[in-house]
Amino acid sequence: MEIFSVWAKRKSHRTASIPASQKGLYRQKQCCPGVSRNSYLQVFILALICILFLIVLSMFNLPIPAVNVPNPSDTRAGRRASGVTLLIWWPPFGNRNPLPDCASRYGIQGCNVTSDRRAYAHADAVIIHNRELMNNWNGLPQMQRPPSQKWIWMNFESPSHSGWLDGLDGIFNLTMSYRVDSDIFLPYGYLQRHRRYGLRVDNKALLRRKRGLVAWVVSNWGEQQDRVRFYWRLRRYIHVDVYGHQARQLLNNSVVQTVSSYKFYLAFENSIHTDYITEKLWRNALVSGTVPVVLGPPRENYELFLPADAFIHVDDFKGPRALAAYLLHLARNPTQYRRYLAWRGDYSVHVTSFWSEHYCSACQSVQQSQNQNKTIKHLAFWFQS
Ligand SMILES: *[C@@H]1O[C@H](CO)[C@@H](O)[C@H](O)[C@H]1NC(C)=O
Ligand SMILES: *[C@@H]1O[C@H](CO)[C@@H](O)[C@H](O)[C@H]1NC(C)=O
Ligand SMILES: *[C@@H]1O[C@H](CO)[C@@H](O)[C@H](O)[C@H]1NC(C)=O
Ligand SMILES: *[C@@H]1O[C@H](CO)[C@@H](O)[C@H](O)[C@H]1NC(C)=O
């Protein structure tokens, strides 16, 4: 019986090396190849085993990419994870937070994360953040690249906000982004299975706090954005409280505190791209304990990250009017509304922390791909696809 990743096809033109701790994600199962026809009984028993196996597997097929899970492949062939120096070429967006100690924070040994450019000559990898590169094309390291050093292209913005990427072919060795088919993949958030299965969560209590109907927090407002156009049409049929953008003030300056008293949250992405699902879903909606109404990539894409009944997708409806009618219906029917909270009994939400988790994930990937050579030949073509 073989297990294959849903992503195998999409990745087939690249030899991505997702950190092994994440390889267990997105698994799908292929049942019952080569069943022998010797006896019906044998076939029957095999089928039964397969079905049981499927049931067990189906309990595990949600993404749980925890970087802090000890990694079995580290000890492959008895080799200890060797020391890796990771140079952060530019602080992303000028971020000056202290660099992480990956061992104490995530249990990843052997990482030296530094922003001291004097470490260039012996750095195993250099992380180059796309935003600063956009603004400074001559800013790449000018010194000769040591033969085994890897340059990592890091970007968590969508293609719509990533500038001109066409000049970047043949420069980098690894990609790092929110895209599942990146060499180093890190989503904005993910679900983690509770240690105890089927934890009882008091969704009734959660619901009692919810006096508001629909909330939306938006900072970057553009009339040409799909989400803004959708909002203007939606608000004809249902009341939406808008925060930010010269609108309401957040309660206590906190998105989570504000949104938690609403039933629904508009988790509308600023642009629509494969796998581009951001903190608008993970933190604003899910950590707040509300039901997300998503506008972004298609439903199937969301379902790689979340159970199908954990969110409402705007594409599920003919238009804003039908969506509004459904939300009003759920608001009046607490039992049906609570179905959208049921997954909380099995999972909790993890929001990835910029940039510590990113650096430590990168370090772990570099440890695992030492001695491999690779060049990203078609960066723009891939990222914009
Ligand atoms: C990490 O690298 C920096 C820069 O090369 C160096 O100064 C520092 O001593 C290293 N730290 C460890 C723990 O190896
Ligand atoms: C990768 O490149 C280095 C330096 O050129 C070389 O020593 C090494 O053998 C190459 N490794 C593979 C797996 O091709
Ligand atoms: C504001 O936030 C702080 C810290 O999270 C909390 O202790 C306090 O109770 C909050 N105030 C209100 C009015 O919610
Ligand atoms: C990284 O990419 C560069 C540019 O194509 C290439 O010359 C170098 O051999 C690659 N290094 C590794 C370790 O793959």
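1. Of the 385 residues in the chain, 32% count as buried. The model is a predicted one. Its secondary structure comprises 13 helices and 15 strands. Where contacts link residues at least 6 apart in sequence, 77% of them join residues at least 24 apart.

2. Strand 3 (residues 84-88) pairs with strand 5 (residues 125-129) in the parallel sense, over three bridges; L86 has A125 of strand 5 as its bridge partner. Strand 5 and strand 6 also run parallel and are joined by five bridges, with W153 in strand 6 as the bridge partner of I128.

3. The burial of strand 5 can be read residue by residue. Five of its five residues are buried. In a regular strand, side chains alternate between the two faces of the sheet. In strand 5, A125, I127 and H129 point one way, whereas V126 and I128 point the other way, and all are buried.

4. The five-stranded sheet is likewise open, with parallel pairing and the order 11-10-12-13-14. Strand 11 (240-243) and strand 14 (312-313) are its edge strands, each pairing on one side only. Strand 10 (residues 212-217) pairs with strand 11 in the parallel sense over four bridges, and W216 stands opposite V242 of strand 11. Helix 6 (residues 226-234) packs on the sheet, in contact with strand 10, strand 11, strand 12 (262-268) and strand 13 (291-295). The direction of helix 6 makes about 120° with that of strand 13.

5. Helix 8 (residues 279-287) lies across strand 10, strand 12 and strand 13, and runs at about 175° to strand 12. Which residues of helix 8 are buried? They are K280, L281, W282, N284, A285 and L286. These buried residues pack against strand 9 (189-193), strand 10, helix 7 (255-259), strand 12, strand 13 and strand 15 (347-351). After helix 8 comes G289, which has a positive phi near 75°.

6. Ligand 1 is surrounded by T85, N112, T114, D116 and A119. By class, the shell of ligand 1 holds one nonpolar, three polar and one charged residue.

7. Ligand 4 has S148, K150, G170, N173, N373, K374 and T375 around it. The shell of ligand 4 contains no nonpolar residues, five polar residues and two charged residues.

Technical notes. Residues numbered from 1 in each chain as written. Chains lettered and ligands numbered in written order. Predicted model: local features only at pLDDT ≥ 70, side-chain atom pairs only at ≥ 80, totals over all residues. Near = placed C-beta within 6 Å. Nonpolar A, V, L, I, M, F, W, Y, C, P; charged D, E, K, R; others polar. Pairing = 2+ DSSP bridges. Helix = DSSP H or I, 4+ residues; strand = E, 2+ residues; numbered from the N terminus. Contact = placed C-beta atoms within 7 Å. Axes fitted to C-alpha atoms, helices over the stretch in contact; angles between N-to-C directions. Buried ≥ 20, exposed ≤ 12 C-beta atoms within 10 Å, placed from the backbone.
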